[in-house]
Amino acid sequence: MLKILLPTIMLIPTTMLCHKKNLLMTAIIQSFTIAMLSLQLMKPLTGHSMTYSSLSLGIDHISAPLIALSCWLTPLMILASQNHLMTEPTLRKRTFISTTIFLQTSLILAFSSTELITFYITFETTLIPTLIIITRWGNQMQRLNAGIYFLFYTLIGSLPLLVALLLLQSYSGTMSLPILQLNLPYPENSWTYTAWWFALLTAFMIKMPLYGLHLWLPKAHVEAPIAGSMILAGVLLKLGGYGIIRVSLIMGPPLKNPYYPFMMLALWGIIMTSLICLRQTDLKSLIAYSSVGHMGLVIASTFAQSQWALTGAVTMMIAHGLTSSMLFCLSNTNYERTNSRILILTRNMQLLLPLMTLWWLSASLTNMALPPTINLMGELSIITSLFNWSNTTILITGLGTILSATYTLYMFSTTQLGGESPSNITTIPPTQTREHLIMVLHILPMILLMMKPQLISSVF
């Protein structure tokens with residue numbers, strides 16, 4: 001664990017002291033080295049015990065894939081932002097890379113915390129660098145409005161979480177997850193237990209986000225630069241799902257009363273966000289609402305609390321992290337050339353960027369959960385477990401799957417096929433090797449996980 005954390009922290013002074021000509025290359029190479037080291041964390045998945053590196057830090061079969069995902073996406077964020085940073089002064093480049101590395105450090109600490117208060121602090125710390133990236137390096141004037149939405153939604157949700165954790169500390173005298181597992185501080189049928197779970201769920205649902213608490217997400221995605229969109233969709237949304245899974249495994253599942261409203265909103269959100277996607281004209285907004293729908297499946301599966309459901313939730317989080325990050329990178333390649341996110345103004349791109357159409361097709365097929373992708377494995381596990389929980393859920397999840405395929409085909413056909421190319425995009429620069437490398441590095445982990453899904457599926 002420390003062999004990942006310490007090099008990540010050391011990358012910040014390296015960025016500040018590195019010569020300006022080698023700044024981006026040094027940051028990318030070092031962060032890729034850390035990403036390769038993080039793959040070694042997947043080894044503990046063969047056992048279900050936690051591997052401790054200190055009293056408050058440890059990794060196990062749930063946190064290891066998410067830490068590896070965080071480390072893998074960081075160099076891709078810097079690589080994707082290279083064109084965006086070209087015109088920036090050297091000091092701003094150093095600030096951007098340092099902010100990104102600080103965010104990665106916060107995520108590693110959040111996923112490896114075994115103390116609930118440490119998890120809370122790092123959970124909230126991720127807010128600061130993300131807010132800086134959105135409000136400083138965003139493209140439009142509305143980025144400040146998006147930053148305020150993001151800040152206040154998250155803070156309003158985190159206040160009940162803090163009160164719940166302080167109450168837990170006063171009852172039990174500890175916040176260490178292994179000790180809490182041995183001694184449950186609340187009677188399971190008490191009002192205290194119900195209120196405590198409701199406070200926890202509120203914070204985690206806003207982070208994921210749950211349909212109804214999701215208004216900050218499309219704004220943040222649309223206004224964020226490519227690096228902000230990648231880390232937001234790829235990893236930050238998974239903090240909520242990780243928090244629910246981690247706490248429910250230690251403290252026992254939530255009672256039916258507090259989680260029924262969340263379950264209904266999650267299932268209803270799958271349908272509603274899919275219908276919203278079909279009406280979108282903004283490409284990034286479409287991908288953002290798609291994320292809300294997929295996270296609705298994860299939320300529903302974490303409440304089902306069966307082994308299949310939790311396995312499907314972890315698989316879905318990893319698959320969605322890679323897929324949505326790749327889709328945002330593809331939308332960014334269009335935006336950098338056309339300065340527009342409107343679907344109707346960027347149509348028929350296959351004539352101009354034919355090789356990029358291959359990556360669009362790959363990303364669209366994985367987003368539709370086509371066999372044999374890990375997206376399909378996650379969705380099937382979740383749909384099966386929800387069917388066992390209640391037979392009527394098959395109507396909602398089945399319709400959600402059909403609508404998901406529909407809006408993904410709509411997105412692909414609108415951007416790549418049909419119609420005459422608009423006159424404003426007939427003379428755009430060709431694709432670069434850097435962009436194809438980013439797409440390969442998104443597809444490669446998905447192919448490897450298709451060949452060996454036990455790395456993330458046999459976790460419970």
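**Close-up views of a predicted model**

**View 1. Once its neighbours within four places in sequence are set aside, Ser-274 is in contact with Gly-400, Leu-403, Ser-404 and Tyr-407.** Contact here means heavy atoms within 4.5 Å. Residues are numbered from 1 along each chain as its sequence is written, and side-chain values use heavy atoms, with hydrogens and water left out. Ser-274 belongs to helix α14, where helices (H or I, at least four residues) and strands (E, at least two) are DSSP runs numbered from the N terminus. With a relative accessible area of 3%, Ser-274 is buried; buried means under 20% relative accessible area, exposed over 50%, and partly exposed in between, for a 1.4 Å probe and protein chains only.

**View 2. The largest cavity has a volume of about 100 Å³.** Its lining is made of 13 residues, and those closest to its centre are Ile-270, His-294, Leu-297, Gly-400 and Ser-404. At least two lining residues are supplied by each of α14 (256-278), α15 (283-304) and α19 (393-416), and α19 gives the largest share, five residues. The lining comprises three nonpolar, nine polar and one charged residues, where Ala, Val, Leu, Ile, Met, Phe, Trp, Tyr, Cys and Pro count as nonpolar, Asp, Glu, Lys and Arg as charged, and the others, Gly among them, as polar. In total, the structure holds five cavities of 30 Å³ or more. A cavity is a set of points, on a 1 Å grid over the protein atoms alone, where a 1.4 Å probe fits but cannot get out, and lining residues have an atom within 4 Å of a point. Grid points are joined across faces, edges and corners, and a volume is the space filled by probe spheres set on the points.

View 3. Two or more lining residues come from each of the elements α3 (63-80), α16 (307-338), α20 (433-451) and α21 (454-457). By class, the lining divides into 14 nonpolar residues, no polar residues and one charged residue. A pocket, on the grid already described, is an open set with protein on both sides within 12 Å along at least five of seven lines.

**View 4. Leu-200 is shown in helix α10 (residues 191-207).** Leu-200 is buried, its relative accessible area being 2%. Apart from its neighbours within four places in sequence, Leu-200 is in contact with Leu-161, Ala-164 and Val-247. From Leu-200 to Phe-119 the C-alpha to C-alpha distance is 13 Å, although the two are 81 residues apart in sequence.

View 5. Most residues other than glycine have a negative phi, and most peptide bonds are trans.

**View 6. Positive phi values are found at Gln-305 and Asn-339, neither of them a glycine.** Gln-305, in the loop between α15 and α16, has a phi of about 60° and is partly exposed, with a relative accessible area of 23%. Asn-339, in the loop between α16 and α17, has a phi near 55° and is exposed, with a relative accessible area of 60%.

**View 7. The cysteine Cys-277 is buried, with a relative accessible area of 0%.** With a disulfide taken as a pair of cysteine sulfur atoms within 2.5 Å, the structure has zero disulfides. Cys-277 is in no disulfide, and the nearest cysteine sulfur, that of Cys-329, is 19 Å away. Cys-18 is also buried, at a relative accessible area of 13%.

Note on methods
Predicted model: local features only at pLDDT ≥ 70, side-chain atom pairs only at ≥ 80, totals over all residues.
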